[in-house]
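Welcome! Here is a short briefing on one protein model, with its confidence, its overall build and one residue as the topics.

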Amino acid sequence: MRNIPTITKNLLIINVLVFVATFVFQRVGLDLNDLLGLHFFLAPDFQIYQLLTYMFLHASIEHIFFNMFALWMFGCVVENVWGPKKFLFYYLSCGIGAGIIQEIAQLGSFYMIATTQIPEATFSDLGVIAANSAAVLNLWTTVGASGAIYAVLLAFGMIFPNERIFIFPLPVPIKAKWFVGFYIVIELFSALSTTNDSVAHFAHLGGMLFGFLMIRYWRNAPAHGGYGHSNGRQFFENLRNNWEKRSNRKADSSRFDRHTHGGNDNLSGMESRETDWEYNARKKAEQEEIDRILDKIRKSGYDSLTDAEKKKLFDKP
């Protein structure tokens, strides 16, 4: 947990605590899913705050496990690239956007059901019909972080489209962009072809839609540069190489000592020792600068780096 970025870690903790609290409060007759879950907006139990609170509730242990696993797997990377503030804004905004799309989808379903039962009904009649169907509409409740999680998955695919990932049960790694595209097709097919499967497919698609629009806006706005990297593999490889160099600092220091104190007493030996000293001093200063940049990424995300710091990070050693 110590190595998980701040926002991702806190989101994991909050979701687990709320999941446990759901069962605790059920024992005293209080249903958090009914209170904080997202109700259909024409239902009497709907409250505007539910667009935020619903994404911290989950219906089952399997539901929260897979959502939190995906949040840990992809959220850590995305937060390290964007930084905590932008990642939190993206996560919550896409979760709210997913809830809005789910409300629109439910409105469409309600209209179809109403016109099936009352063929002459129009949109203007839905309020009256909803009032007469309050008990049923209060059961239309959406819970889960899936909309926000799918948005994080999309962000990973757009930032690192060519990064290969292993996904069970596939036997070979696939590029992130194909993995994301596959999920979009599956969700779209499921949303259009299945009914009453208790899965909010339109919420999943809604989260990805809001995420896509937000990332596209950030990429086109000069003030929000650095939100996408066409070469994700280079990012990971350079970051890994720099961390390895950092871990070998002691070895470099011992090499510095050997070159500084070794050599002959003649003029050429003195020149050689001076050259070695300058070389090691320069390498030591460069490594300290890399360490500072890596610490800055860990604390504030990749996007907090200046252009000069980004160039320094990706310069070939």
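Over residues 228-234, pLDDT stays under 50, and the model has 16 contacts beyond four places in sequence for this stretch. Keep in mind that this is a predicted model. Where pLDDT is low, the predicted coordinates should not be read in detail.

**Confidence**
- Residues 254-272 also have a pLDDT that stays under 50, and for them the model has 17 contacts beyond four places in sequence.
- Helix H12, spanning residues 249-261, has the lowest confidence, with a mean of 49.
- At the other end of the scale, confidence is highest in helix H3, at 96.
- Across the protein, pLDDT averages 80, and 75% of the residues score at least 70.

**Overall build**
- The secondary structure is made up of 14 helices and four strands.
- The protein has 317 residues, and 39% of them count as buried.
- Its accessible surface comes to about 18,100 Å², with 63% of that belonging to carbon and sulfur atoms.
- Take the contacts between residues at least 6 apart in sequence: 68% of these join residues at least 24 apart.

**A look at Gln50**
- You can find Gln50 in helix H3, which covers residues 50-53.
- Is Gln50 buried or exposed? Gln50 counts as buried because its relative accessibility is 1%, and the cut-off for buried is under 20%.
- Setting aside neighbours within four places in sequence, Gln50 is in contact with Asp34, Leu35, Leu36, Gly37, Leu38, His39 and Asp45.

Note on methods:
Residues are numbered from 1 along each chain as its sequence is written. This is a predicted model: local features need pLDDT of at least 70, side-chain atom pairs count only at pLDDT 80 or more; totals for chains, interfaces and linings use all residues. Side-chain values use heavy atoms; hydrogens and water are left out. Helices (H or I, at least four residues) and strands (E, at least two) are DSSP runs, numbered from the N terminus. Buried means under 20% relative accessible area, exposed over 50%, partly exposed in between (1.4 Å probe, protein chains only). Contact means heavy atoms within 4.5 Å. Accessible areas come from the Shrake-Rupley method with a 1.4 Å probe; for residues, only the protein chains shown count as cover. pLDDT is the predictor's confidence in each residue, from 0 to 100.
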